[in-house]
Amino acid sequence: LLFGPPGTGKTMFAKAVATETDATFFNVKLGSLLSQWYGQSSQKIIALFDVARELSPSVVFLDEIDALTTSRAGGSDDTSRRVLNTLLSELSTLRDDDSFAFVLGATNTPWDLDFAIPRRFDHRILVPLPDAPACKEIVRVHTLNGGVEFEGKPSDHLPKTADVKTGQLETPADAVGTACYQRGFTGSDIETLAGQAISNMVHRA
């Protein structure tokens with residue numbers, strides 16, 4: 001069960017697991033399984049896990065797992081409880097299967113989950129905001145690795161309000177990454193920032 005702020009790479013983590021294990025990847029937003037018709041949501045969940053077993057080895061990534069698994073103590077209706085019970089049943093059954101169907105769940109609000117959900121996952125992993133080295137590397141991935149070059153000194157790419165010793169910065173990418181870290185940017189925020197900068201550069205050209 002992956003939990004942490006949005007935009008920190010939980011989906012990329014799940015894709016990496018599927019890639020490294022050469023498994024079929026199911027990227028499922030649980031909210032999309034909701035249906036206005038009686039019993040259809042439960043049927044979709046059962047069908048999902050049936051297909052995952054048939055296409056084993058597989059990795060099922062349940063994104064936004066809190067969409068269907070909020071606490072039953074919070075006054076949820078009969079439909080929500082029925083869907084939650086179906087999911088819990090499938091997760092329990094999957095643990096006893098011989099087929100390799102690995103389940104990853106992700107949530108930004110773990111405190112909203114029903115108490116039975118964390119128990120269905122052997123590991124609960126915090127995916128935090130990127131640290132300074134990670135921010136620098138993310139900047140490189142979305143700029144230098146894509147063929148975009150920086151001009152000028154590292155200090156030229158720092159905001160005026162940044163509290164950074166410029167002597168510790170080796171490259172402009174380090175400067176941008178450090179500033180992003182100080183401002184608490186997520187990986188997604190840095191990707192957006194790089195995209196906007198590249199777009200502005202194209203317009204100026």
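This note goes through the predicted model point by point, from the sheet to single residues.

1. Basis. The model is predicted, so local features need pLDDT of at least 70 and side-chain atom pairs count only at pLDDT 80 or more, while totals for chains, interfaces and linings use all residues. Residues are numbered from 1 along each chain as its sequence is written, and side-chain values use heavy atoms, with hydrogens and water left out.

2. The sheet. Five strands make an open sheet with parallel pairing, in the order E2-E3-E4-E1-E5. The edges are strand E2 (24–29) and strand E5 (125–126), each of which pairs on one side only. Helices (H or I, at least four residues) and strands (E, at least two) are DSSP runs, numbered from the N terminus. Two strands count as paired if DSSP finds at least two bridges between them. In general, strands of a sheet pair through backbone hydrogen bonds, either parallel or antiparallel.

3. Strand E4 and its partners. Strand E1 (residues 2–3) runs parallel to strand E4 (residues 101–107) and is joined to E4 by two bridges. Leu2 has Ala106 as its bridge partner in E4, and Phe3 has Thr107. E3 also pairs with E4 in the parallel sense, over five bridges; Val60 has Val103 as its bridge partner in E4. Six of the seven residues of E4 are buried, so E4 is largely enclosed by the rest of the structure. Buried means under 20% relative accessible area, exposed over 50%, and partly exposed in between (1.4 Å probe, protein chains only).

4. Helices on the sheet. Helix H1 (residues 10–20) lies across E1, E2, strand E3 (58–63) and E4, and runs at about 170 degrees to E3. Helix H2 (residues 40–54) packs on the sheet and touches E2, E3 and E4, its direction making about 155 degrees with that of E3. Contact here means heavy atoms within 4.5 Å. Axes are lines fitted to C-alpha atoms, for helices over the stretch in contact, and angles run from 0 to 180 degrees between N-to-C directions.

5. Aromatic pairs. How many aromatic pairs are there? The count comes to two. Rings of Phe, Tyr and Trp (its six-membered ring) pair if their centres lie within 6.5 Å; planes under 30 degrees apart count as stacked, over 60 as edge-to-face and the rest as tilted. Phe25 and Phe61 are stacked, at 6.5 Å centre to centre with 20 degrees between the planes. This pair links distant parts of the chain, with Phe25 in strand E2 and Phe61 in strand E3, 36 residues apart. Phe25 is partly exposed at 27% relative accessible area, whereas Phe61 is buried at 0%. Phe100 and Phe102 are also stacked, at 6.4 Å centre to centre with 5 degrees between the planes. Phe100 is partly exposed at 42%, and Phe102 is partly exposed at 37%.

6. The largest pocket. Its volume is about 610 Å³. Of the 24 lining residues, Gly7, Thr8, Gly9, Lys10 and Met12 lie nearest the centre. H1, E4, helix H5 (132–142) and helix H7 (187–204) are the elements that give two or more residues to the lining. On a 1 Å grid over the protein atoms alone, a pocket is an open set of points where a 1.4 Å probe fits, with protein on both sides within 12 Å along at least five of seven lines; lining residues have an atom within 4 Å of a point. Grid points are joined across faces, edges and corners, and a volume is the space filled by probe spheres set on the points.

7. Thr186. This residue lies in the loop between helix H6 (172–182) and H7. Thr186 is buried, at 8% relative accessibility. Leaving aside residues up to four places away in sequence, Thr186 touches Pro6, Gly7, Thr8, Leu129 and Pro130.

8. Backbone details in loops. Ser56 and Pro57 are joined by a cis peptide bond, with omega about 5 degrees; Pro57 lies in the loop between H2 and E3. Asp22, in the loop between H1 and E2, has a positive phi near 55 degrees although it is a residue other than glycine. Asp22 is exposed at 68% relative accessibility. Glu64, in the loop between E3 and H3, is not a glycine either and has a positive phi of about 55 degrees. Glu64 is partly exposed at 37%.
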